[in-house]
Amino acid sequence: MTHPLSVEVRGLVARYADTEVLHGVDLEVRRGEVHVIVGGSGCGKSTLLRHIIGLLRPAAGSVRLLGVDQASADEPEWERVLQRIGVLFQGGALINSLSLFDNVALPLRERAPDLSAAIVREIVLMKVAQVGLLQALHLTPPQLSGGMRKRAALARAMALDPEVLFCDEPSAGLDPVTAADLDRLILSLNERFGMSIVVVTHELASIDSIASHVTMLAAGRVVATGPLAEVKRMDRPEIVAFFNRVGKLGADGAGSVLEALQRGGRA
Amino acid sequence: MLKLPARLTRHEVAALGAAIDAALGRRESVSIDLGDVCELDSAGVALLAGLQRRMSAGERLQITHPRPEVVKTLALFPFVDRTPAAPVEQSVTERVGEWALVAREAALDYLVLCADVAWFCVAGLFRGRGIRWSQVAFEMASMGSKALGVVGLIAFLVGGTIALQSALQLRQFGANIFVADLISVSLTRELGPLMAAVVVAGRSGSAVAAELATMTITEEVDAIRTLGLHPVRFLVLPKFIAISITQPLVTVLADALGIGGGFLVAITYLGVGPGAFLARMQQALLVKDLLTGLFKSVLFAQLIVTIGATCGMRTRGGADAVGRSTTTSVVASIFAVIVADAICSMIFYFGG
């Protein structure tokens, strides 16, 4: 029986050396959701994602991915879980020495060695065509633009038809048209394949176009979680500031120089 | 008519391939019954796409009784009827030509960098903010003092080894005492500078190349340019000055410890008295020998830094390019040092 929750995080505490980055985070992603983790820079979004996919181990708390508890799973069991997920890293994380074709074929060759070369080739062609990169099939990642690298990485992440797709800042560094294209592609994967999708981003346009559910982080804590419309209606200051694009840049000083001059003397 | 099973996922497709091939034989027109198929993934779709690809021109794969969800899934995947051609392999001549062009470009880049370094060295002396002396001090500590241990140990062992090897020959002629000449002159003129340079090429030259390569691919060098700073003055010049100061000192240490190693072997194994060894060494070793070695050490050091910097700043691509640049830098530096040493030896030998 399939587990109803794709991702279940309870009381997650994350530390880098002595600095605590996440302070008891809870998160639930149900099957078929497009769950967007949002928050300002440095709030711990990417750290949370890296804990969910097992690249980092929690200092406290638990992470269950597709119903499997990360802490108690042995290596083969966790490997089987990893075969059922796909990850789109922020910079693409393609292997530079391999062509785009071989990058997408890599998980198929490694994880499904029984598939014939002809079937692998067909799958790669379909995935690459889905992201619109057939013309770049034989190029290597350094020969691709940033947007093409992201799309190629998405093709690789989809190669094994994952049940959950994790995307770390998918539209970062892309022009609005390519970013919107990528959003549409991600959304179609969810709609057509029922894939659960977890996206880490702070791009408001992306959030509005793809999110069914949102979890908002601020300073390493969850400040809100739920359907996008509900979260947007909440009147917590962090949420209002985030969705109204009101930042704290420059708020560290004690007013402007002009104000200081007008006040006279020290602030 | 071929009937496919209920599940057509990557776990079943691998086993089905051969059975389908056998069933189809050489038939050109095929009808496939998808009535039972209720689960289909990329591999299943790829199987059908592969069968369609095998049809001759104009013919279609007939699929019958597909369920609505199967039709939906099939509609999600594009059928690629024409694969882009792989790039044509270059011929040997083309590859040699391309290599020559790259080598020419690298040589030009190297000369430009050397010219920039030379210019900023001179100009820096007359401009208040030309040379970043605090960075020079930092680089001196990094390239010089931290290399002392490994250079000293290697020199000591090599000095002792040369003394041991030469003892076999010198003993036959009762010429043990000449081990002092051999050790002192060979180490100060040739081996001291060479050993120090090889170690520094592996240690500091690679570090220079890796640092600048990383800065280049992460656009830090471009950022420095856009700030109106010259990357050679800002990044390379402090390293160049630092190594030009520290390398002669490292070489003197290598000379001293190498002679020390030879001295130890001479007095313990060859029966040469310490006083006799030192007296002989004093006679054999000229100030010119020492200066020759020091001149070479500076030359080698400058070659190492400029080659490392050129390799680093020519880096294009991703993380693997950093590794390639670093390797190229070490190989090219050691090669250049040995060639320069041979040229210097010829000049000093024939030029007196």
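This is a predicted model: local features need pLDDT of at least 70, side-chain atom pairs count only at pLDDT 80 or more; totals for chains, interfaces and linings use all residues.
In chain A, four strands form an open sheet in the order β2-β1-β4-β5, and their pairing is antiparallel. The edges of this sheet are taken by β2 (19-30) and β5 (68-69) of chain A, each of which pairs on one side only. Strand β1 (residues 5-16) of chain A is joined to β2(A) in the antiparallel sense over nine bridges, and A:Arg15 has A:Glu20, in β2(A), as its bridge partner.

A parallel pairing is also found in chain A, where four bridges join β6(A) to strand β7 (residues 164-168). Across this pairing, A:Leu88 stands opposite A:Cys167 in β7(A). In a regular strand the side chains alternate between the two faces of the sheet. Along strand β6 (residues 85-88) of chain A, A:Ile85 and A:Val87 point one way, whereas A:Gly86 and A:Leu88 point the other way, and all of these residues are buried.

The contact between the two chains draws on 25 residues from chain A and 25 residues from chain B. The size of an interface is often given as the accessible area lost when the parts come together. For chain B and chain A, the buried area is about 2,000 Å², with 67% of it on carbon and sulfur atoms. Of the area that chain B buries against chain A, 29% is supplied by B:Arg10, B:Leu76 and B:Pro84, which is more than any other three residues supply. The side of chain B that touches chain A receives at least two residues from each of the helices α1 (10-24), α2 (42-54) and α12 (319-350) of chain B, and α2(B) gives the most to that side, with eight residues. Between chain B and chain A there are zero salt bridges, while four residue pairs, with both residues at pLDDT 80 or more, are in polar contact.

Over all chains, the count of disulfides is zero. A:Cys43 takes part in no disulfide, and the nearest cysteine sulfur, that of A:Cys167, is 17 Å away. With a relative accessible area of 5%, A:Cys43 is classed as buried, because buried residues are those under 20%. In chain B, B:Cys114 is likewise in no disulfide, the nearest cysteine sulfur being that of B:Cys121, at 11 Å. The relative accessibility of B:Cys114 is 25%, and this residue therefore counts as partly exposed.

Definitions and conventions
Residues are numbered from 1 along each chain as its sequence is written. Chains are lettered from A and ligands numbered from 1 in the order in which they are written. Side-chain values use heavy atoms; hydrogens and water are left out. A disulfide is a pair of cysteine sulfur atoms within 2.5 Å. Buried means under 20% relative accessible area, exposed over 50%, partly exposed in between (1.4 Å probe, protein chains only). Two strands pair if DSSP finds at least two bridges between them. Contact means heavy atoms within 4.5 Å. Buried area is the accessible area (1.4 Å probe) that two parts lose on being put together, summed over both. A salt bridge is a side-chain nitrogen of Lys or Arg within 4 Å of a carboxyl oxygen of Asp or Glu. A polar contact is a pair of N or O atoms within 3.5 Å; within protein, one must be able to donate a hydrogen and the other to accept it, and residues adjacent in sequence count only if both atoms are side-chain atoms.
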